Amino acid sequence: MKDTLTIALSKGRLLDDALVLLRKAGIELAESDTNSRKLVIADTQKRFQFFMLKPIDVPTYVEYGVADAGIAGRDVLVESTADIHQPLDLRIGYCRMVVAAPKAAARQNYRELSAVRIATKYPRITTEYFTQRGVPVEIIPLSGSVELAPLLGLSDRIVDLVSSGRTLAENGLQVVEPIMDISARLVVNRASYQIKRKQVIDLIDRLAQVVEK
Amino acid sequence: MKTLTQIPLGTQLLFGKAAKKRRRIERTIFSVFEHWDYEEIIPPIFDYYDVFAKGMGAELEDTIYRFIDREGNVLALRPEFTSLVAKSVATRLADQPKPLRLCYCGEVLRYETPRGGRQREFFQIGVEHIGGEKIQADAEIILVAIESLKKLGIRKFQINLGEIGYFAGIVERIDFSQGDLVKIKKLIDLKDTAGLKAELERLSLSERRKNIILSLVHLTGNSDTIKTARQLVSNEKSLEALENLGALVAELKKHKIDEHIAIDLSEVRGIDYYTGTIFKIYVPGLGFEIGGGGRYDNLLKNFGCDLPSVGFSFSLERLMSLEN
């Protein structure tokens, strides 16, 4: 059995913050590697192996145990419903998941409508959110540039992540209501937590110490 | 018609090498069961829904395939074997001398999303030990599990032992609503300390109780974990659970299998009928457990015959997926 712990990292908005956090925890990745197109990277002391993945794929790799652990936003964790441990809130990648709409639509309470049409990258969360409120929802599943959908008349509203709110504002959208707060979590495969307990607990402890309080 | 050639999600077809491998695994395991005097029982694939509903518990109940017969009775495809075996023992086999050692192999059906090692139709092979002395019986079936794995050539594995009574004792005297308890269990199961902290805060528990529940999340390790766990509690039920677990560990020590045994008191999820010892078996390289089981001392009572019992099963699909 190999003793290296494998860790799935999300490329994109989370990566830089995650690398800073790992470095503070004494786990260094060479810049020549992180700036390259390599998908499998070892840390400089070769104790860990990192996989560079699309954020939405991180929970899957960890659920199947291909990666022992991973760093993923709460958005993709909730959306994927992967059956994995989530032992640590890393307090990076803060943002909110919200319902947003163009100004005119935002003024109208969607609860008064017979149905809403929502463009989103998060069909599962969106469906649950609206059905819990008794509003039938038609999902337009998109994989990017969700803000464009209401502008072109593809949907009435969107469900997406907002951090500064600039993208929304620049596209003439405003927040209708928040759905949940998002931050990144350390996630761990169930079997790895048991079989590689020492290494996993060591990783959790190291990161817990450097997470901003 | 499209459905003529389509395959329903979560079903499988085995042929050629795979079918041979599967039968070989079954025969190997059955030879071990037989050696330990377990007799095969072949229960029906469907029975009345009520037979299963209670034992599965609120969380898994929804996964049962149910249907209505022509008289209007609610029936169900078996989602597990233990309830069927318990029913048979409490009725047809009530007169047989105890302990009863029974084994089974066959498909079970649950409506689950096929992913992460789960199928809708999957195969279990396992044993039930009914009406025996508790610690002895627990130890015996764990030894049966270990021997089965070894006979299959699986040398590296870990058996995580837990005790349902430990957590039950802790929450027993807290006034949780059913919904709150489900939420707390789920957060413990996810090891989501942050979420758990927030939830406990909301329920305004005492500092001491909050700390016990938060400590539970990482109560895993070697036999020292039992000592740590003992320091946390003072209620009788939890203490008794730890005593049982300690006795089981001591019993297993006699058989020199320490390297395979770990303690996990954070395990709070799963089928509702478990009452005492529970365990899960992990093999390196597989992201989910390969089998597991536990003690169900109250299940037979539902069928009118009060006998302590314990059992376990392996997932045949997951055994198949291991490299030789």
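Colleague: Which strand of chain A is joined to strand β4 of chain A by five bridges, the two running antiparallel?
Modeller: In this predicted model, strand β4 covers residues 69–73 of chain A and takes part in an antiparallel pairing made through five bridges. Within that pairing, A:Ile71 stands opposite A:Leu186. The partner, spanning residues 184–188 of chain A, is strand β11.

Colleague: Which strands lie at the edges of the open sheet of chain A?
Modeller: The sheet is built from six strands with mixed pairing, in the order β2-β3-β1-β4-β11-β5, and its neighbouring strands are turned by 30 degrees against each other on average, direction ignored. An edge strand here pairs on one side only, and in chain A this applies to β2 (40–42) and β5 (85–89).

Colleague: Which helix supplies the largest share of the side of domain 1 of chain A that touches domain 2 of chain A?
Modeller: Chain A is divided into domain 1 (5–93 + 183–210) and domain 2 (95–182), with 29 Å between their centres, taken over C-alpha atoms. Eight residues of domain 1 are in contact with eight residues of domain 2, and those on the domain 1 side divide into one nonpolar, four polar and three charged. Four residues of that side, its largest share, come from residues 74–80 of chain A, which form helix α4.

Colleague: How are helix α5 and helix α10 of chain B oriented to each other, roughly parallel or roughly antiparallel?
Modeller: The axes of α5 (residues 164–172) and α10 (residues 236–253) of chain B come within 7 Å and cross at roughly 170 degrees. Since angles over 145 degrees count as roughly antiparallel, the relation of α5(B) to α10(B) is therefore roughly antiparallel.

Colleague: How many residues of chain B are in contact with chain A?
Modeller: On the side of chain A, β5 and α9 (190–195) each supply at least two residues, and by class this side has five nonpolar, five polar and five charged residues. The contact involves 15 residues of chain A, and the number that chain B contributes is 19.

Key
Residues numbered from 1 in each chain as written. Chains lettered and ligands numbered in written order. Predicted model: local features only at pLDDT ≥ 70, side-chain atom pairs only at ≥ 80, totals over all residues. Axes fitted to C-alpha atoms, helices over the stretch in contact; angles between N-to-C directions. Parallel < 35°, antiparallel > 145°, perpendicular 65-115°, else oblique. Pairing = 2+ DSSP bridges. Domains from an automatic or database assignment. Contact = placed C-beta atoms within 7 Å. Nonpolar A, V, L, I, M, F, W, Y, C, P; charged D, E, K, R; others polar.
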